[in-house]
Amino acid sequence: MKTPHILVVTTSHGDIEGRPTTGIWFTEFTEPFAIFREAGFSITTASPRGGPAPIDPRGYPSREVIADVRDGLEALNATLRLAIMDVANFDGLFFPGGHGPMFDLVTDPICKSLISAFWEQGKPVAAMCHGVAALLDVPVADGGTLLAGRRTTGFSTVEDAMDSLFRFMPFSLEERMRAEGSRFVSGPDHQSHVKVDGQLVTGQNAQSAVATAEAFRDLVNLRKL
C-alpha cells in the first residue's frame with residue numbers, strides 16, 4: 001500500500017482585539033500529529049498565510065513536555081501556504097481546533113474550495129472542536145452544503161459558555177451548524193465525543209483529539225486498500 005499523504009490545515013489567526021491571545025489549541029494538533037506519524041502517514045501542514053501558526057498561549061506546552069512534542073512544534077513553525085496545496089497530492093484533510101478558525105478558516109475561499117475538492121473526490125475530511133468552523137458553508141455537488149443533513153459534532157454552546165473567550169467569538173459554532181442543517185449531536189461536556197458520517201469525521205472538543213484522529217486514520221487507510 002502506498003504511504004498515505006494527508007494535509008493538516010491550521011489557522012493563521014492569533015489575536016483578539018489586537019492581542020495575541022488565541023490561535024490553534026496545541027494538543028489538538030500534536031496528539032493527532034503523533035497518531036498520524038505512528039500510522040506511517042506523510043504529513044503536510046498548511047495555513048492561510050503560511051509560516052509559523054499561532055498557538056493559543058493558554059495551551060502552550062510546558063518545559064516538562066516540550067521535548068516530547070518537538071516534531072509537532074517544528075511543523076507548526078513552518079506551515080506552507082494553503083494557496084499552493086493541490087488536492088491531487090493528498091489522501092485526506094484534517095482540521096485541528098482552537099478559536100483561530102472562527103476568524104479565518106470560516107470564510108477563507110481557498111479553504112472552502114479545497115474542502116469541496118476533497119469531498120467530491122471521496123477523500124476523508126475531519127475537523128474538531130472550533131476547527132469545524134472551516135466546514136461551514138462549503139458547497140457540494142448536489143447544490144447543498146457539506147454539513148447539511150449530516151450527523152456531526154463540534155464545540156457545543158454549553159462548552160462555549162464556560163470559556164472566557166466566548167464573548168469575543170463572532171458566533172456560536174453549534175448554532176451556526178444547526179442553522180446550516182447539520183444533525184448536531186452533543187456529547188458530555190469536555191469528554192471525548194466523535195461522529196463519523198460517511199467520509200466526514202467531527203470531534204467535539206480537545207478531549208476528542210485522539211479519537212477524532214484515530215477515526216480519520218482508519219478512513220484514510222480504508223480508502224487506500
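Student: What volume does the largest pocket have?
Tutor: This is a predicted model, and in it the largest pocket comes to about 180 Å³.

Student: Which residues are closest to its centre?
Tutor: Trp25, Glu28, Phe155, Asp163 and Ala206 are the closest, out of 14 residues that line the largest pocket.

Student: And how does that lining split by class?
Tutor: Six residues of the lining are polar, four are nonpolar and four are charged.

Student: Switching to helix 3, how many residues does it have, and how far does it reach?
Tutor: Helix 3 covers residues 109-120, which is 12 residues. From first C-alpha to last it reaches 17 Å, close to the 16 Å expected at 1.5 Å a residue.

Student: OK, and what follows helix 3?
Tutor: Gly122 follows, and its phi is positive, near 75°.

Student: Which residues of helix 3 are buried?
Tutor: Cys111, Lys112, Leu114, Ile115, Ser116, Phe118 and Trp119. Note that a lysine, Lys112, is on that list.

Student: What do the buried residues of helix 3 pack against?
Tutor: Strands: strand 1 (5-9), strand 4 (92-95), strand 5 (125-128), strand 8 (194-197) and strand 9 (200-203).

Student: New topic: Ser47. Where is it, and is it buried or exposed?
Tutor: Ser47 belongs to strand 2, residues 42-47. Ser47 counts as buried because its relative accessibility is 0%, and the cut-off for buried is under 20%.

Student: Which side chains make polar contacts with the side chain of Ser47?
Tutor: Ser12 is one of them, with its side chain at 3.3 Å. The side chain of Thr79 is another, at 2.7 Å.

Student: What else does Ser47 touch?
Tutor: Leaving out residues up to four places away in sequence, Ser47 touches Thr10, Thr11, Ser12, Thr79, Leu80, Arg81 and Leu82.

Student: Last one, Glu17. Where is that, and is it buried or exposed?
Tutor: Glu17 is in the loop between strand 1 and helix 1 (26-38). Its relative accessible area is 70%, and anything over 50% is called exposed, so Glu17 is exposed.

Student: And how far is the C-alpha of Glu17 from that of Phe168?
Tutor: Those two C-alpha atoms are separated by 8.5 Å, although Glu17 and Phe168 are 151 residues apart along the chain.

Key:
Residues numbered from 1 in each chain as written. Predicted model: local features only at pLDDT ≥ 70, side-chain atom pairs only at ≥ 80, totals over all residues. Heavy atoms only, no water. 1 Å grid on protein atoms, 1.4 Å probe; cavity = no way out; pocket = protein on both sides within 12 Å on 5 of 7 lines; lining within 4 Å. Points joined across faces, edges and corners; volume = space filled by probe spheres on them. Nonpolar A, V, L, I, M, F, W, Y, C, P; charged D, E, K, R; others polar. Helix = DSSP H or I, 4+ residues; strand = E, 2+ residues; numbered from the N terminus. Expected span 1.5 Å × (residues − 1). Buried < 20%, exposed > 50% of the residue type's maximum accessible area, 1.4 Å probe, protein only. Contact = heavy atoms within 4.5 Å. Polar contact = N/O pair within 3.5 Å; in protein donor to acceptor, adjacent residues only side chain to side chain.
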